[in-house]
Amino acid sequence: MNSLAEEIIAGRRLGSREEALPLVEAELEALCRGADRIRSALCGSRADLCTIVNGRSGQCGEDCKFCAQSCHYGTQVEEYPFLPLEKIVAECRRNEAGGVHRFSIVTAGRSLKGMELEQALEAYARLHRESGLKLCASHGLQTEEEFRRMKEAGVERCHANLETSRRYFPQMCTTHTYEDK
């Protein structure tokens, strides 16, 4: 396990399932020691804290069984359209004052389009100018051009929730595929 940890620290990445499978059978304590060596060498002892603001809530047309935002289930989640810019900025400032490193706008729904996409881009551009936080986004299925525009506005990372494996995904969601994500 020590030699594998050193190889990973030096830049090796496990390229196949066959390479990774022996880790499942490894002794847990040795696996944890190796993971801790990798973490220490590559990340140090610092945690990267990310907070989110729910930029648009409820009435998602997707049927993901794990999600309270789906209109397919009676969750009584609060529903609202894209938040006003000032509310997003205030939330970002509050979180930055609390010591976080990253801030993400997360929206319910298949994707962010039209005026709401424009509002998000305006928010990201302003947050990028006015805060020291790294910006993240989670807006579902976007096009390559939309991702480029987010990057131009200051977004560094985009999240795509994959709560289960490719094989089990059809039992969790039928309105889009694992591959769509």
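With which residue does Arg148 form a salt bridge? The partner is Glu144, and the closest N and O atoms of the two are 2.5 Å apart. The model discussed here is predicted, and it holds 18 salt bridges. Side chains of opposite charge can pair when their charged atoms come close.

**The pair Arg148 and Glu144**

- Both residues belong to helix H6 (residues 144-152), where a spacing of four residues separates Arg148 and Glu144 by about one helical turn.
- Arg148 is partly exposed, at 43% relative accessibility.
- Glu144 is exposed, and its relative accessible area is 53%.

**The network around Arg46**

- Salt bridges with shared partners link Arg46, Asp48, Arg102 and Glu156 into one network.
- Within this group, Arg46 pairs with Asp48, and their closest N and O atoms lie 3.9 Å apart.
- Arg46 is exposed, with 53% relative accessible area, whereas Asp48 is partly exposed, with 36%.

**The pair Glu86 and Arg126**

- The side chains of Glu86 and Arg126 form a salt bridge with an N to O distance of 2.5 Å.
- Glu86 is partly exposed, at 47% relative accessibility.
- Arg126, by contrast, is buried, with a relative accessible area of 15%.

**The nonpolar core**

- The largest nonpolar core comprises 23 residues.
- The residues with the most contacts inside this core are Phe82, Ile88, Phe103, Ile105, Tyr124, Leu127 and Met150.
- At least two core residues come from each of H4, strand S2 (102-107), H5 and strand S3 (134-138).
- Helix H5 gives the most to this core, contributing six residues.

**Contacts of Ile105**

- Leaving aside residues up to four places away in sequence, Ile105 touches a set of residues that includes Phe82, Ile88, Tyr124 and Leu127.
- Other residues that Ile105 touches include Val53, Gly55 and Ala123.
- Cys136, Ala137, Ser138 and His139 are also among the contacts of Ile105.

Key:
Residues numbered from 1 in each chain as written. Predicted model: local features only at pLDDT ≥ 70, side-chain atom pairs only at ≥ 80, totals over all residues. Heavy atoms only, no water. Salt bridge = Lys/Arg side-chain N within 4 Å of Asp/Glu carboxyl O. Buried < 20%, exposed > 50% of the residue type's maximum accessible area, 1.4 Å probe, protein only. Core = buried A, V, L, I, M, F, W, Y, C linked by side-chain atoms within 4.5 Å. Contact = heavy atoms within 4.5 Å.
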